[in-house]
Amino acid sequence: MVWEFTAELDAALRAAISGHKNLVYQCVPAWWATFPLFRQLPAPAVDGSPTVLLVPDQAGADASEVELRPVLPVHAVHGAPRATRLLEVGAVQALAVTPDALLRLVSQSGVDLASVPRLVLAWPEQHAVVGQSSQLDTILAEAIHAQRIVVTADVSSLGDLLERHARRAPVQRVGDRSGTPVQNVSYAITAHHRLVTSIRDALEILDPATAFVWDPLPGRDLGGHIRDPWVSVGATIDAAPVQLTVAADLPSAEALARLAEKSEEVLVLVRPAQLSYLQQMTERLRAFRVPAVTDGARDRTHRFREDVRQRIHDAGEHATLDADLMVLAPLFDEFDPAVVAAAIARGATTTSDVAAPPTDLPAWVRIRVSGGARDRIRTGDLVGALLNAVGVGKKQVGRIEILDGFSLIEVAAEAAPEARSGLDGLVVRGKTLSARFDRR
């Protein structure tokens, strides 16, 4: 057994809940991590005003409706008319709603903020990223009798807000991002309703001999959707190591580290708003790429691709792209993120850029070889092996990434079969390499 979430609330928070006082709960930006908190909340009166969960985007509202089901019945607001009707007949005990949608409900007399008993402000640092701070201030100022429960991934970033709206509230921290960054981690952006499909795609593309699907939510029964004798599913992983772990939600730093100990690779499925948190827990975080989609994008010019790559590098190691990701989140619910990126690229590139792409620029195929930094293998060793031992041309060798236990080599498509077969079994610095096409 590697990990199971068993956090308990401390005495100060339990006292705040029972006394209808404000409180702050710091955890991973994922609904599973709030279970210890919501389990302690008293059930709202069926004929009273609902508990309100203020979420930064619609994706967060939809996820809360599904993922909080074991501990809190939530209705995700998609439109004011239906939510108003449900409230009128007392069919809703808790609302998950964005600030803009809540203010529309208030304007249509669907919700009286002064009578809201409890207001859960979910990850206000994400609200600030997308420019919702003024709406939050308006709502909190009018919800004068509401118990304020602030759920955050970083208390230190909320000094001003807590001083105004939850002064001297007790704080409980569950989990910590500190520690050694985890390596060999990839991510894919997905929506909750595409979760099973995303897991199946990952297993099909990576085709591991053994795999584990980490699922922190009880009752979701992912195992019932993924019937494979080589794949196990659960909140804990057996002692035996596996080739691949797919995390169905954002893990805590502790959980991610322990999953990485038992896996050659870890793929984390995240929503856009969770990505920056994952970046802070990992080193050399990589995007998971689906060949069927990204191969079509290879028709784009090399110059445009390099420009995008440079923008990412210019943003720094911890790129603050949260606002852009959350703006695009509704599109990620409908389309593969790579398709969204391709559409943006088409719109951002001038006609002259794409009308006549250079014909001498090859499409690149990535090859994974078993030797890496721990084998003292360097970039020059692999370049020399390709040019001298295999016979690949210099212009047919692209980017080479040396990782701890393996390396990734980009080779022009026409030379890829020769390069893979030539590298497979080749001895470099005393290490006999194995080589295969990397399908990410």
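The model is predicted: local features need pLDDT of at least 70, side-chain atom pairs count only at pLDDT 80 or more, and totals for chains, interfaces and linings use all residues. Residues are numbered from 1 along each chain as its sequence is written, and side-chain values use heavy atoms, with hydrogens and water left out.

**Overall make-up**

- The chain holds 18 helices and 19 strands. Helices (H or I, at least four residues) and strands (E, at least two) are DSSP runs, numbered from the N terminus.
- Of the 440 residues in the chain, 48% are buried. Buried means under 20% relative accessible area, exposed means over 50%, and partly exposed lies in between, with a 1.4 Å probe and protein chains only.
- Among contacts with a separation of 6 or more, 73% join residues 24 or more positions apart. Contact means heavy atoms within 4.5 Å.

**The seven-stranded sheet**

- An open sheet of 7 strands runs in the order β3-β4-β2-β5-β6-β1-β7, with parallel pairing. Two strands pair if DSSP finds at least two bridges between them.
- Its edge strands are β3 (75-76) and β7 (171-173), and each pairs on one side only.
- Strands β1 and β7 pair in the parallel sense over 3 bridges. Q26 has R173 in β7 as its bridge partner.

**Strand β12 and its neighbours**

- Strand β8 (residues 185-189) pairs with β12 in the parallel sense over 5 bridges. A188 stands opposite L269 in β12.
- Strand β11 (residues 242-247) also pairs with β12 in the parallel sense, over 5 bridges. L244 has E265 in β12 as its bridge partner.
- A right-handed β-α-β unit is made by β11, helix α10 (residues 253-261) and β12. A crossover is right-handed if, with the strands pointing away from the viewer, the path from the first strand over the helix to the second runs clockwise.

**Aromatic pairs and a charge over a ring**

- There are 2 aromatic pairs. Rings of Phe, Tyr and Trp (its six-membered ring) pair if their centres lie within 6.5 Å; planes under 30 degrees apart count as stacked, over 60 as edge-to-face and the rest as tilted.
- The rings of W31 and W123 have centres 5.0 Å apart and planes at 70°, so this pair is edge-to-face. The pair links distant parts of the chain, 92 residues apart: W31 is in the loop between β1 (23-26) and α2 (35-40), and W123 is in the loop between β5 (118-122) and α6. Both W31 and W123 are buried.
- The rings of W32 and W214 have centres 5.8 Å apart and planes at 85°, so this pair is edge-to-face. This pair also links distant parts of the chain: W32 in the loop between β1 and α2, W214 in strand β9 (residues 211-214), 182 residues apart.
- W32 is buried, with a relative accessible area of 2%. W214 is buried, with a relative accessible area of 1%.
- R368 lies over the face of F406, at 3.7 Å from the ring centre. A charge sits over a ring if NZ of Lys or CZ of Arg is within 6 Å of the ring centre and within 35 degrees of the ring normal.

**H127 in helix α6**

- H127 lies in helix α6 (residues 124-129). H127 is buried, with a relative accessible area of 0%.
- The side chain of H127 reaches the backbone oxygen of A122 at 3.2 Å.
- Not counting residues up to four places away in sequence, H127 touches L54, V55, P56, P99, L121, A122, Q132, S133 and L136.

**Loop residues**

- L285 sits in the loop between α11 (275-281) and β13 (286-287). L285 is partly exposed, with a relative accessible area of 23%.
- The C-alpha atoms of L285 and Y187 are separated by 7.3 Å, though the two residues are 98 apart along the chain.
- L285 touches V185, S186, Y187, L275, L278 and Q279, not counting residues up to four places away in sequence.
- R284 is in the loop between α11 and β13. R284 is not a glycine, yet its phi is positive, near 60°. R284 is partly exposed, with a relative accessible area of 37%.
- D207 is in the loop between α9 (195-206) and β9. D207 has a positive phi of about 50° although it is not a glycine.

Conventions:
A polar contact is a pair of N or O atoms within 3.5 Å; within protein, one must be able to donate a hydrogen and the other to accept it, and residues adjacent in sequence count only if both atoms are side-chain atoms.
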